[in-house]
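User: I am new to reading protein models, and I would like to learn how to look at one feature after another. Could you take me through this one step by step?

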Amino acid sequence: MTTTLTGTGRAAADLAARLIPEHELRPRSVAQVAALPSFAGKLSECARLAGAPYCELPHRVQDALVLRRLQQMVNTVLLNPLWRERLRYFGVTGAPADLAEWERIPLSDKIVQRDMFMGARAGMVVPIEHGGFEVVASGGTSDGQPLEIVYSLRELQDTYRISGAFMGTYQLSRYLGGAGPRWLYTTLADYQMWSSGTMVGGVLAQVPGVNYIGAGPVSAPVLAHMFSYPGPKALMGISAGIGILSELGADMPPAARESFRVAMYGSGLLPQRKRDELREVYPNVSILSYFAATQAECIGLQLDHTRPELASVPGLHLVEIVDEDGRAVAEGEEGELVVTRLHAHEAPLLRLKLGDRMVRRTPLDEPKLKTGRFEFAGRSGDVLHLGDSQYSAVLAQAALRAELLRVTGIDLDQTALDVQFVNHRSGKALVLLVAADDAERLAEKAESALGPGGWRGLFAAALPRSLSLFNDREATPETIERSGYDFRLAFVPRGSVEIERTSVGKVPLVRDRM
């Protein structure tokens with residue numbers, strides 16, 4: 001039987017209630033949570049009852065089912081003492097009636113994530129002793145400390161399948177045409193514990209109709225061998241890994257270079273110069289963004305290389321763009337990216353702030369696809385992105401303070417009024433601005449001690465000490481020197497307009513300039 005969905009929102013709510021009935025909406029024990037039917041099954045049943053693929057269903061139908069799932073998630077986490085204490089502290093004692101009430105739930109951050117899912121892992125609704133989980137780690141964090149998250153293996157397989165099917169249908173199908181087999185490669189991650197190596201690879205392996213190769217880091221001969229296979233090819237990697245493909249493929253035969261159709265980068269930006277160099281070597285390539293995080297293997301995909309918007313995968317996550325109070329911003333406005341994984345019965349994490357700035361865009365409302373859209377606007381956390389390496393700004397500041405004191409005798413703890421890193425990412429320049437009362441004298445003293453080009457050596461010595469546990473082999477003074485970045489510490493007067501401040505006078509530690 002097919003349900004008619006041309007009526008009001010009431011019909012959509014009734015369908016959602018039918019899909020997640022009352023006894024599933026309010027599980028009463030951990031054992032009942034572990035036995036709940038998967039949310040992926042609910043998406044499939046919704047599509048069956050509606051007589052159309054879930055991605056094509058009206059927004060009100062998708063929204064109603066997502067709200068019902070959010071209500072189920074809140075009822076689930078209230079079974080956990082740590083979550084119950086956290087939510088009650090913020091006045092949340094039951095499931096939200098609507099999205100406005102959902103926004104009363106406090107935003108989670110990496111500190112909350114650690115408290116919930118590391119150490120005793122006390123935030124898991126179904127304890128880790130139950131088994132059937134996977135632990136993955138972030139390759140870089142703002143404070144330099146390890147960061148892990150826990151997933152149910154059965155739900156991971158669901159999300160890989162959903163994301164892979166979406167990629168194949170709505171992103172890659174238009175680019176991987178032509179004769180011969182189709183290939184999808186990834187050059188992600190040295191460490192298999194990293195989410196990039198496990199989770200993104202899990203998605204790519206589920207794209208229908210392609211042949212998947214998890215290559216890891218490649219040399220020019222390995223890339224040439226992979227590209228010698230007949231048929232069109234797509235490759236996903238970090239932006240530095242994509243940027244270097246022009247160099248690695250320079251000596252490939254023309255037919256191999258012409259077979260490269262899609263380059264997907266997994267970081268926020270790929271400089272225009274790198275884009276131009278890629279197209280010079282690979283004349284048929286289109287460059288697309290694949291936006292993911294440790295806690296979400298596929299947050300947004302760029303479906304059209306001519307438009308910067310990212311499309312969320314319907315039914316995978318609740319993606320919110322919020323203001324400083326956790327409320328949704330209006331379309332066209334910039335806010336914080338907040339993600340809630342919908343497929344997480346056993347280890348849910350509500351409203352996680354990922355540290356990225358996004359612009360909320362008008363939802364896509366086409367006959368074959370209806371979903372939310374947003375556009376990357378930069379990082380908001382205290383992370384220094386030098387290429388694809390991520391450095392803790394807090395640790396970098398401490399290391400630079402120690403190096404500056406050792407070399408020049410200047411103690412930033414004693415002299416600095418405000419400090420702010422300004423990262424000119426496209427121009428590859430990192431400046432540490434230090435506001436001080438005696439700025440000119442301090443600048444002269446530092447330059448006299450360091451000599452010409454001395455700032456580069458100071459940064460090269462300090463930055464490797466600000467990497468996280470899971471990528472502490474990624475940088476050395478030599479690799480910093482070869483990064484192409486210019487480094488400088490600049491003393492500026494108290495209250496200098498060069499240091500950016502918020503509307504309430506706070507000085508963010510990091511500011512990215514595109």
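User: Is aspartate 438 buried, partly exposed or exposed?

Analyst: The general idea is a relative accessible area, where buried means under 20%, exposed means over 50%, and partly exposed lies in between, with a 1.4 Å probe and protein chains only. Aspartate 438 counts as partly exposed because its relative accessibility is 34%. Before we go on, please note that this is a predicted model, in which local features need pLDDT of at least 70 and side-chain atom pairs count only at pLDDT 80 or more, while totals for chains, interfaces and linings use all residues. Residues are numbered from 1 along each chain as its sequence is written, and side-chain values use heavy atoms, with hydrogens and water left out.

User: Which residue meets aspartate 438 in a salt bridge?

Analyst: Side chains of opposite charge can pair when their charged atoms come close. In the terms used here, a salt bridge is a side-chain nitrogen of Lys or Arg within 4 Å of a carboxyl oxygen of Asp or Glu. The partner of aspartate 438 is arginine 441, with 2.4 Å from N to O, and arginine 441 is itself partly exposed, with a relative accessible area of 42%.

User: How many salt bridges are found in the whole structure, and which parts does the pair of glutamate 56 and lysine 368 tie together?

Analyst: The search of the whole structure finds 26 salt bridges. In one of them the side chains of glutamate 56 and lysine 368 meet at 3.9 Å, N to O. Glutamate 56 sits in the loop between helix H4 (39-50) and helix H5 (59-77), and lysine 368 in the loop between strand E12 (352-366) and strand E13 (369-379), so this pair ties together parts that are 312 residues apart in sequence. Helices (H or I, at least four residues) and strands (E, at least two) are DSSP runs, numbered from the N terminus. Lysine 368 counts as exposed, at 56% relative accessibility.

User: Which residue forms a salt bridge with arginine 327?

Analyst: Arginine 327 pairs with glutamate 103, and the closest N and O atoms are 3.3 Å apart. Because arginine 327 lies in the loop between E10 and E11 and glutamate 103 in the loop between helix H7 (99-102) and helix H8 (110-117), the pair ties together parts that are 224 residues apart in sequence. Arginine 327 is partly exposed at 33% relative accessibility, whereas glutamate 103 is buried, with a relative accessible area of 15%. Elsewhere, Glu22, Arg26 and Arg68 are linked in a network of salt bridges.

User: Which side chain of opposite charge is nearest to arginine 275?

Analyst: For this reading, Lys and Arg count as positive and Asp and Glu as negative, while His and the chain ends are not counted. Arginine 275, which has its place in helix H15 (residues 272-281), is buried yet has no salt bridge, and the nearest side chain of opposite charge is aspartate 276, 7.6 Å away. A contact means heavy atoms within 4.5 Å, and arginine 275 touches Tyr265, Leu270 and Ile287, not counting residues up to four places away in sequence.

User: What is the phi of arginine 121, and what is the phi of arginine 351?

Analyst: Most residues other than glycine have a negative phi. Arginine 121 has a phi near 50 degrees, a positive value in a residue other than glycine, and its place is in the loop between H8 and strand E1 (133-137). Arginine 121 is buried, with a relative accessible area of 19%. Arginine 351, in the loop between E11 and E12, has a positive phi near 55 degrees, and arginine 351 counts as buried at 0% relative accessibility.

User: How many helices and strands are there in the protein, and what percentage of the residues is buried?

Analyst: The protein has 20 helices and 19 strands, and buried residues make up 54% of its 514 residues. Among contacts between residues at least 6 apart in sequence, 69% join residues at least 24 apart.
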